[in-house]
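I opened my notebook to jot down what I could look up in this one. Here are my entries, in the order I went.

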Amino acid sequence: MSEISNGEQRTAISDPLIFRNVLGHFPTGVVLITGIADDGEPVGMIVGSFTSVSLDPPLVAFLPTAASQTFKRLRTAGSFCVNVLAADQEDICRRFAGRTANKFDGVSWHPSPLGAPVLDSVVAYIDCTFESISDAGDHLIVLGAVQELQVCSPVAPLLFFQGGYGRFAPLSLSAPFEADLITGVRLAERGRAEMDRLAESFDAECTAMAVISDQMAVNVAVAGTGPGTADRLGERIPLMPPLGELCLAWEDADAVDRWLSRALPSDECTPEEYRGRLEAVRSRGWSMTMRGEYKDEQIYEALREYSSGVYTPAQEREIRQIISRTSSSYAPVVLDEGQLYDVDSLLAPVFDSAGKVRLVLRIANLPRQADSAAIQGWADELRRAAHKVGAAADTVKVDA
Ligand SMILES: Cc1cc2nc3c(=O)[nH]c(=O)nc-3n(C[C@H](O)[C@H](O)[C@H](O)COP(=O)(O)O)c2cc1C
C-alpha cells in the first residue's frame with residue numbers, strides 16, 4: 001500500500017507509478033519496428049515489448065499503446081520489420097522514441113526482403129507480415145508471422161533497464177574488481193624498482209599480474225620492452241584452465257573446483273591432470289611456459305577482446321576455445337641438466353603474510369633455447385624479486 005496526499009490508500013496494482021517502478025526492474029531489449037506506410041513514407045517505432053512467440057509456425061509479437069500515433073501509421077503498411085538495435089545505437093533509439101517529424105532524415109537504411117527499412121549496423125532484422133492485432137487493456141498485441149530473418153552484425157544488443165540504457169555483460173568470466181585492482185596497482189608500484197631491475201638484467205619484459213578475484217587477474221605494471229609490451233598493461237587474464245595456475249596453486253579445494261569447472265569439455269587435459277599441474281607448481285614455487293604450437297597472435301587477440309569487456313556470450317565462447325587450445329604450452333616441464341628449452345616465460349607468486357597470492361611476476365621475451373642451468377638461475381632471481389615485492393604486501397590496503 002502507498003499513501004497519497006489526501007490520505008487515500010492505493011494498492012500497488014492500482015497505482016501506475018508503482019506499476020511502472022516494479023516493472024522497470026525487469027530489463028528489456030530495444031527494437032525499432034519499421035514499415036512503409038500507405039502514403040509511401042517510412043515509419044519507425046521504438047518498442048521494448050518485443051518477444052519471440054512461436055517456432056512452429058514462426059511468430060513474434062510486440063505491444064504498441066492503443067493511443068500510439070506512430071502505430072496508427074505503421075499498421076497501414078503491408079509488413080513490418082523488427083530491427084534489433086546494437087548497444088552503440090542509443091542515439092537512434094532516442095531519435096525514434098521522440099515525437100520529432102522526419103525521423104528517417106540522415107539515417108542510412110536499405111529495404112528488407114518485404115520492403116521495410118533495415119537500418120545500417122543493426123544486430124539483426126526479422127521481417128514479418130501482420131498475423132493479427134488484438135486488444136490488451138490500453139495496449140494492442142500485434143502478432144507477426146516471420147517471413148525472413150537475418151543476423152546482420154553479431155554484436156551486443158541495446159538493453160533498457162530502470163529508464164536507462166545499457167549493454168549485456170557476461171558474468172562467467174568477469175567480476176566486479178575495482179577495490180582489488182587498486183590494491184594490486186599499489187602493490188605493483190611498490191615493486192616497481194625490482195621489476196625494472198629484473199627487466200634490465202634479463203633484457204626481457206617483466207609484468208605484474210594482480211589477482212582480482214577467483215575469476216580474473218589483470219596486468220597492473222609492465223617493465224622493460226618487447227613486442228607488444230605496452231599493450232600488456234591493463235590486459236585481463238581470465239582464470240580458467242590452463243591460465244592462472246599460480247593464482248590457484250595455494251588456494252583451497254573449493255576455489256580449485258571452481259577453476260576446474262571453467263575448463264571446456266573439449267580441453268585436452270583432464271581435471272586430474274590439471275590438479276597435477278597445480279601440485280607441480282606448488283612444490284616448485286614458480287612456473288614456466290613454453291613456446292607453443294598455438295598462434296601467439298590468436299591468444300593475444302583473444303585476451304585483448306576479453307580485456308575490452310565488450311563481447312557477446314558467443315564471442316566469449318570463442319575466446320574460451322582459443323584459451324583452452326593453449327593447454328599444452330602450460331604442461332609442467334622437468335628440467336634435465338644440460339638440456340635446451342624454448343622457454344616463453346617464467347612466473348613466480350608474490351604472497352602476503354597470510355600466504356595469499358596477491359601478484360604474479362612474469363618475465364617474458366627471454367632468449368630462445370636456454371639451458372636448464374640458465375633457466376633455474378633466472379627462476380631463482382625472479383623468486384627473490386617476488387619475495388621482496390611481497391614484503392610490501394601487508395603495508396598496502398588489501399581487501400580480504
Ligand atoms: C525503451 C523504450 C521502449 C518502448 N516500448 C514501447 C512499447 O513497447 N510500446 C509502445 O507503444 N511504446 C513504446 N515506447 C514508446 C515509443 O517508442 C514512442 O515513444 C511512442 O510510440 C511515441 O508516441 P506516438 O507513437 O504516439 O508518436 C518505448 C520507448 C522506449 C524509449
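Entry 1: I started at Pro242, which sits in the loop between β17 and α7 (245-248). I'm keeping in mind that this is a predicted model. The bond joining Pro241 and Pro242 is cis, and I noted an omega of about 5 degrees. I then found another cis peptide bond, running from Asp56 to Pro57, with omega near 5 degrees. Pro57 belongs to the loop that connects β6 (51-54) and β7 (59-62). I flagged these because most peptide bonds are trans.

**Entry 2: positive phi.** Next I looked for backbone angles that stand out, since most residues other than glycine have a negative phi. Ser121 has a phi near 70 degrees, which is positive although the residue isn't glycine. I found Ser121 in the loop between β10 (117-119) and β11 (124-136). Asp203 also has a positive phi, near 50 degrees, and is not a glycine either. Its loop lies between α5 (192-202) and β15.

Is Asp203 buried or exposed? I checked the neighbour count: Asp203 has 12 C-beta neighbours inside 10 Å, so it counts as exposed, because the cut-off for exposed is 12 or fewer. Ser121 has 14 C-beta neighbours inside 10 Å, so I wrote it down as partly exposed.

**Entry 3: the sheet with 6 strands.** I traced an open sheet and got the order β17-β16-β15-β21-β20-β18, paired antiparallel. At its edges I found β17 (236-238) and β18 (287-290), each pairing on one side only. From one strand to the next, the twist averages 25 degrees. I zoomed in on β15 (residues 205-211) and β21 (residues 357-364): they run antiparallel and are joined by 6 bridges. Which residue in β21 stands opposite Cys206? I found Ile363 there.

**Entry 4: the sheet with 3 strands.** Here I read off another open sheet, in the order β3-β13-β14, with antiparallel pairing. Why is one side of β3 (28-29) and of β14 (164-167) left without a neighbour in the sheet? Both stand at the edges and have a single partner strand each, so one side of each has no neighbour in the sheet. I counted 4 bridges between β13 (residues 158-161) and β14, which run antiparallel. Phe160 faces Tyr165 in β14 across this pairing.

Entry 5: The largest nonpolar core has 57 residues, and Ala210, Ala217, Leu359, Val360, Leu361 and Leu382 have the most contacts inside it. Strand β16 (residues 216-223) supplies the largest share, 7 residues. I also noted a second, separate core of 34 residues, with Val30, Phe50, Ile92 and Val142 among them.

Skipping its neighbours within four places in sequence, I listed its contacts: Gly184, Leu187, Ala188, Ala208, Met209, Ala210, Val350 and Val389.

**Entry 6: around the ligand.** How many residues are around the ligand, and which come nearest? I got 16, with Ile46, Gly48, Ser49, Ser68 and Thr70 coming nearest. The elements giving two or more residues to this shell are β5 (42-47) and α2 (69-74). I sorted the shell by type too: 9 nonpolar, 6 polar and 1 charged.

Key. Residues numbered from 1 in each chain as written. Predicted model: local features only at pLDDT ≥ 70, side-chain atom pairs only at ≥ 80, totals over all residues. Pairing = 2+ DSSP bridges. Axes fitted to C-alpha atoms, helices over the stretch in contact; angles between N-to-C directions. Near = placed C-beta within 6 Å. Nonpolar A, V, L, I, M, F, W, Y, C, P; charged D, E, K, R; others polar. Core = buried A, V, L, I, M, F, W, Y, C linked by C-beta atoms within 7 Å. Buried ≥ 20, exposed ≤ 12 C-beta atoms within 10 Å, placed from the backbone. Contact = placed C-beta atoms within 7 Å.
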